[in-house]
Amino acid sequence: MMGEEKRAKIKQTKAETKARREGKVARVYKIKVDRGHLSKTRYYHLKMLFVEAKWLYNHMVATDTIFTHDYKQKNVYVKNKDGEIEERWIKHLSSQMRQSLVDRARENIYNLGKVKQSGRKVGSIQFKSDVFSVPLKQHSPKGTFNVVSKNRIKLQGIKTPIHVRGLKQLGEDPDIANAHIVKHIDDFYFHITVYEEPKERKKTGKQVGVDLGIKDAVITSDGSKFKIKAQETPRLKKLQRRLHRRTKKGSNNRYKLRKQIQKEYTKVANKKDDIANKIIHKLHEEYDFIGFQNESIRAWQSGRFGRSVQSSILGRIKSALKRSETAVMVNQFFPSTQECPVCHEKQAMTLGDRWYYCDCCGYSEDRDVKAAISILNEALKIAGREPISLMPVEGDASIDTENSCNHSVPTSVYPEKQEANEFIRW
Ligand SMILES: [Zn+2]
């Protein structure tokens with residue numbers, strides 16, 4: 001029985017934690033378990049966490065007990081390879097881990113119900129062939145996990161702490177909330193959620209529009225270009241060829257090759273994340289205001305694989321901008337390519353036209369830079385701000401941006417602060 005006093009104390013601690021995390025942002029760090037320091041028994045223990053999590057889940061699905069299952073129960077019933085029901089014992093998952101897994105299953109069903117209510121089609125609950133993560137709720141010396149030093153994490157059920165890499169990223173005295181232990185191919189990771197003070201960004205006073213539709217680059221309204229080329233690794237191509245030609249279905253060699261291919265895919269994915277993160281970081285560092293367009297990534301012309309790689313990098317950038325507080329999104333139907341940012345007349349443009357020239361007012365600019373400028377001005381309009389003024393370089397031919405055209409023709413027109421530089425090359 002839990003005493004009144006103890007209950008009151010828990011309530012108080014919860015309130016304090018909530019107050020402490022007010023205004024902070026949650027960030028997830030991926031910390032890799034150091035396989036070099038992992039003994040065979042430890043490796044087996046970690047592996048079994050995921051196997052038992054699968055048993056537990058499938059047991060609840062088979063017996064229809066997701067909402068009634070008692071997490072204290074240690075025996076579960078699973079179907080073996082021959083289709084017979086077998087009793088098995090959970091030996092590696094701690095009781096708090098089991099509880100979190102049961103809670104997670106309930107939450108999933110609850111969310112599924114909500115989706116169903118909204119009228120969308122929902123499949124029935126399926127058995128899982130694999131479970132890839134186990135929630136670790138409480139971070140404390142007696143909790144499910146505890147960060148004990150700069151390179152070790154204590155996991156409930158394993159006596160000595162596990163060696164990991166990358167904990168330094170968490171900084172001094174991190175406010176750790178919870179974690180997941182995650183299995184990926186042959187490796188294990190802790191995904192640790194940490195509450196941090198939001199980083200104060202230096203005000204630069206600069207605003208930018210970005211055009212995401214270009215085939216191998218992201219172009220900004222001030223003429224900067226971020227290359228986004230990432231190549232499929234030659235090794236991946238080789239492995240894929242070998243998989244199709246030389247191995248039999250179900251063979252051990254095929255299984256091994258599949259694992260190697262998964263590893264190569266992870267490498268490419270990491271590379272893509274890295275490129276997208278660098279661009280996003282640079283944009284946020286340089287500018288206080290970012291305009292972008294919610295466009296579907298345009299028709300691609302170049303190579304097969306490169307195409308998908310680049311579009312997925314652009315997709316990553318777009319979704320990060322959607323989450324950003326300083327970015328404003330322009331509707332996908334806004335004619336960023338056709339409309340003149342000075343007189344607002346529209347010009348017909350084909351994919352091959354690399355230069356924009358306005359027949360009406362004479363405004364002229366690189367096609368992609370112009371699109372980014374138009375996107376910036378539209379975003380500024382949405383945010384209720386002044387659009388950037390596009391001043392003729394020579395003469396004082398002031399341009400009436402409201403009326404359409406009978407303008408004198410300026411020789412060339414640039415945004416006021418043009419700093420064309422190419423800060424990232426790949
Ligand atoms: Zn014009």
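Let's begin at valine 268, which sits in helix H5 of this predicted model. Valine 268 has 17 other C-beta atoms within 10 Å, so this residue counts as partly exposed; a buried residue would need 20 or more. Threonine 233 lies 35 residues away along the chain, yet its C-alpha atom is separated from that of valine 268 by 7.5 Å.

From here we can follow H5 to its helical partner. Two packed helices are described by the angle between their axes and the distance between the axes. For helix H4 (residues 234–246) and helix H5 (residues 252–286), the angle is about 155° and the axes are 10 Å apart. H4 is therefore roughly antiparallel to H5, since angles over 145 degrees fall in that class. The crossing of these two helices is left-handed. On the H4 side, the contact is made by Arg235, Leu236, Leu239, Gln240, Arg242 and Leu243, which meet Arg254, Leu257, Gln260, Ile261 and Glu264 of H5. Sorted by class, this contact between H4 and H5 holds 5 nonpolar, 2 polar and 4 charged residues.

Now let's turn to the strands. Strands of a sheet pair through backbone hydrogen bonds, either parallel or antiparallel. Here, 7 strands form an open sheet with antiparallel pairing, in the order S4-S8-S9-S1-S7-S6-S5. Strand S4 (133–136) and strand S5 (145–147) are the edge strands, each pairing on one side only. From one strand to the next, the twist averages 30°.

S5 joins strand S6 (residues 152–155) in the antiparallel sense over 3 bridges, and valine 147 stands opposite isoleucine 153 in S6.

How values were computed
Residues are numbered from 1 along each chain as its sequence is written. This is a predicted model: local features need pLDDT of at least 70, side-chain atom pairs count only at pLDDT 80 or more; totals for chains, interfaces and linings use all residues. Axes are lines fitted to C-alpha atoms, for helices over the stretch in contact, and angles run from 0 to 180 degrees between N-to-C directions. Helices (H or I, at least four residues) and strands (E, at least two) are DSSP runs, numbered from the N terminus. Angles under 35 degrees count as roughly parallel, over 145 as roughly antiparallel, 65 to 115 as roughly perpendicular and the rest as oblique. A crossing is left-handed if the near helix is turned anticlockwise from the far one by less than a right angle, and right-handed if clockwise. Two residues are in contact if their C-beta atoms, placed from the backbone, lie within 7 Å. Ala, Val, Leu, Ile, Met, Phe, Trp, Tyr, Cys and Pro count as nonpolar, Asp, Glu, Lys and Arg as charged, and the others, Gly among them, as polar. A residue is buried if 20 or more other C-beta atoms lie within 10 Å of its own, exposed if 12 or fewer, and partly exposed in between; C-beta atoms are placed from the backbone. Two strands pair if DSSP finds at least two bridges between them.
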